[in-house]
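Open the model in your viewer and keep the selection tool at hand. The stops below go from one selection to the next.

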Amino acid sequence: MTEPTLDQLLDEFRRCDEPDDHLLLALRMLRTRSRDERIVVSLLHVMDENPKAGAACLATYGDAHVVHDLSRALDRLMARPVADCPLCAWVDLVAVANAIRDLGGSVTADQQARIDGFLASDAWFRARRDGTVHGAAVPTAARALRPGRNDPCPCGSGRKYKRCHLAGDERTGR
């Protein structure tokens with residue numbers, strides 16, 4: 001069996017809605033060892049969904065041009081963590097900061113101070129409790145209800161959920 005081409009992987013990435021599938025496709029793109037701006041865009045998308053894994057993928061890809069994007073993502077994560085616990089949110093921050101350093105960039109003194117003080121501060125807890133950070137509203141993520149086993153799969157494949165994504169969702173704890 002032959003490996004899919006980069007164009008096939010990118011097409012599949014665009015059609016896919018699952019963050020876990022996006023990550024798997026991103027890893028397959030990295031294995032092609034191709035240098036293509038579309039890969040960078042896909043990896044940045046993965047980082048928005050899963051900061052720790054996306055930052056590691058971007059560091060592995062090795063394009064120093066994304067340092068600015070990583071720095072902006074670091075600031076966004078400090079204001080609006082995507083993780084659902086403070087320790088996981090801090091791990092995301094450290095992973096993005098490490099990717100910046102791995103690519104030859106540097107974290108500002110302010111960013112490093114905020115990372116160091118993240119767990120000690122109560123900003124994360126206030127953001128989750130009040131839905132605000134620095135007075136600005138923060139959208140809260142709501143977990144989607146899982147469909148019944150015999151319902152159509154929400155991915156749009158037309159197959160029953162139990163035959164399509166149920167096993168994967170159970171492995172990831174959804």
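**Stop 1: Val66 and its surroundings**

Select Val66. Leaving out residues up to four places away in sequence, Val66 touches Val40, Leu58 and Leu103. The model is a predicted one. Val66 sits in the loop that links α4 and α5. Val66 and Gly105 lie 39 residues apart in sequence, yet 9.5 Å apart in space from C-alpha to C-alpha.

**Stop 2: the whole chain**

Zoom out and colour by secondary structure. The protein chain has ten helices and two strands. Starting at the N terminus, the order of elements is α-α-α-α-α-α-α-α-β-β-α-α. The chain holds 174 residues, and 34% of them count as buried. Take the contacts between residues at least 6 apart in sequence: 55% of these join residues at least 24 apart.

**Stop 3: the largest nonpolar core**

In soluble globular proteins, nonpolar side chains tend to be buried together. Here the largest nonpolar core has 38 residues. Select Met29, Leu43, Leu70, Leu74 and Val96, the residues with the most contacts inside this core. Which helices supply at least two core residues each? They are α1 (6-15), α2 (19-31), α3 (37-49), α4 (51-61), α5 (67-79), α6 (86-102) and α7 (109-118).

Stay on Met29. Setting aside neighbours within four places in sequence, Met29 is in contact with Leu6, Leu9, Leu10, Phe13, Ile39 and Ser42.

**Stop 4: helix α1**

Move to α1. Its buried residues include Leu6, Leu9, Leu10 and Phe13. Look down the helix axis: the buried residues of α1 fall within an arc of 100°, so they line one face of the helix.

**Stop 5: helix α7 and Gln111**

Go to α7 and select its buried residues, Gln111, Ile115 and Phe118. They span an arc of only 65° around the axis, so they are on the same side of α7. The face turned away from the buried side carries the exposed residues Ala109 and Asp116.

How much relative accessible area does Gln111 have? The value is 2%, so Gln111 counts as buried. Draw the distance to Ser71: the side chains of Gln111 and Ser71 are joined by a polar contact of 3.1 Å. Not counting residues up to four places away in sequence, Gln111 touches Ser71, Leu74, Asp75 and Met78. Leu74 is also one of the residues with the most contacts inside the largest nonpolar core.

**Stop 6**

Select Arg33, in the loop between α2 and α3. Check its backbone: Arg33 has a positive phi of about 60°, although it is not a glycine. Is Arg33 buried or exposed? Arg33 is exposed, because its relative accessible area is 74% and the cut-off for exposed is over 50%.

Next, select Arg35 and Tyr61. Arg35 lies over the face of Tyr61, 4.0 Å from the ring centre. Finally, show the rings of Phe, Tyr and Trp. With ring centres required to lie within 6.5 Å, the count of aromatic pairs comes to zero.

Definitions and conventions
Residues are numbered from 1 along each chain as its sequence is written. This is a predicted model: local features need pLDDT of at least 70, side-chain atom pairs count only at pLDDT 80 or more; totals for chains, interfaces and linings use all residues. Side-chain values use heavy atoms; hydrogens and water are left out. A nonpolar core is a set of buried Ala, Val, Leu, Ile, Met, Phe, Trp, Tyr and Cys residues joined through side-chain atoms within 4.5 Å. Buried means under 20% relative accessible area, exposed over 50%, partly exposed in between (1.4 Å probe, protein chains only). Helices (H or I, at least four residues) and strands (E, at least two) are DSSP runs, numbered from the N terminus. Contact means heavy atoms within 4.5 Å. A polar contact is a pair of N or O atoms within 3.5 Å; within protein, one must be able to donate a hydrogen and the other to accept it, and residues adjacent in sequence count only if both atoms are side-chain atoms. The arc is that of the directions from the helix axis to the C-beta atoms. Rings of Phe, Tyr and Trp (its six-membered ring) pair if their centres lie within 6.5 Å; planes under 30 degrees apart count as stacked, over 60 as edge-to-face and the rest as tilted. A charge sits over a ring if NZ of Lys or CZ of Arg is within 6 Å of the ring centre and within 35 degrees of the ring normal.
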